[in-house]
Amino acid sequence: MKKLGLAVFLSISVVAVYLLAGRRLEAPSPAGTEANSPDPNEKAPALSDPTLDGKTLSLSGYAGKVVLVDFWATWCDPCREEIPDLVKLRDRLKDKGFEIFGVSMDEDGAKAVKKFIAKQPISYPLVLNGGERPPAGWVVPGLPTAYLIGRHGEVLKRWFGEKDMPDLEKDVTAALAK
């Protein structure tokens with residue numbers, strides 16, 4: 001009887017942990033809702049991290065551009081799936097004032113990212129956050145997470161979870177037209 005009770009307890013515990021852990025990575029709401037549309041006066045927090053070659057890159061260096069800050073990791077399947085489309089979008093719109101600022105959340109840092117980009121080149125700037133804890137001031141409930149930043153540093157939109165690429169392109173194009 002003790003073994004049966006212990007088995008039931010362990011089963012319930014495993015299910016509870018699974019459900020709680022799954023909520024952490026769940027997108028809070030669909031695109032276009034209040035969670036994805038921040039206060040129009042919200043400014044992007046400061047962001048400055050090392051690049052793959054050890055130099056420091058800051059978001060403030062992109063003032064006057066429309067920037068997609070994309071939090072990702074090499075182990076994140078949806079992140080990896082989005083990268084080719086993000087590269088195409090950035091390459092197509094970079095001359096109009098659009099940039100992507102990739103923030104790797106990999107604990108293995110440069111080692112993991114260099115191995116990844118050897119197979120999947122990334123044409124936009126990347127910085128290394130050095131782990132899953134988000135930079136100060138940024139909310140990253142799961143990966144991928146992205147923020148669209150306007151030319152004056154305002155947060156225009158955010159995505160918690162995968163991005164719909166046609167909608168993303170519309171949002172970027174609208175921001176570039178401002």
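This is a predicted model: local features need pLDDT of at least 70, side-chain atom pairs count only at pLDDT 80 or more; totals for chains, interfaces and linings use all residues.
Which residue's side chain does Asp 77 meet in a salt bridge? The partner is Arg 80, at 2.3 Å from N to O.

Asp 77 and Arg 80 both sit in helix H2, residues 77-93, and they are 3 residues apart, about one turn of the helix. Asp 77 is partly exposed, at 41% relative accessible area, and Arg 80 is partly exposed as well, at 32%.

The whole structure holds 8 salt bridges. One of them pairs Asp 70 with Lys 163, where the closest N and O atoms are 3.1 Å apart. This pair links distant parts of the chain: Asp 70 belongs to strand E3, residues 66-72, while Lys 163 lies in the loop between E7 and helix H4, 93 residues away.

Another salt bridge joins the side chains of Glu 99 and Arg 90, at 2.8 Å from N to O. Shared partners also tie Asp 70, Glu 82 and Lys 163 into one network of salt bridges. Back to the Glu 99 pair: Glu 99 is buried at 8%, and Arg 90 is buried at 10%.

Now to strand E7, residues 155-160. Of its 6 residues, 5 are buried, so the strand is largely enclosed by the rest of the structure. E7 pairs with strand E6, residues 145-149, in the antiparallel sense over 5 bridges. Within that pairing, Tyr 147 stands opposite Arg 158 of E7. The hairpin of E6 and E7 has 5 residues between the strands, and Gly 153 there takes a positive phi near 85°.

Note on methods:
Residues are numbered from 1 along each chain as its sequence is written. Side-chain values use heavy atoms; hydrogens and water are left out. Buried means under 20% relative accessible area, exposed over 50%, partly exposed in between (1.4 Å probe, protein chains only). Helices (H or I, at least four residues) and strands (E, at least two) are DSSP runs, numbered from the N terminus. Two strands pair if DSSP finds at least two bridges between them. A salt bridge is a side-chain nitrogen of Lys or Arg within 4 Å of a carboxyl oxygen of Asp or Glu.
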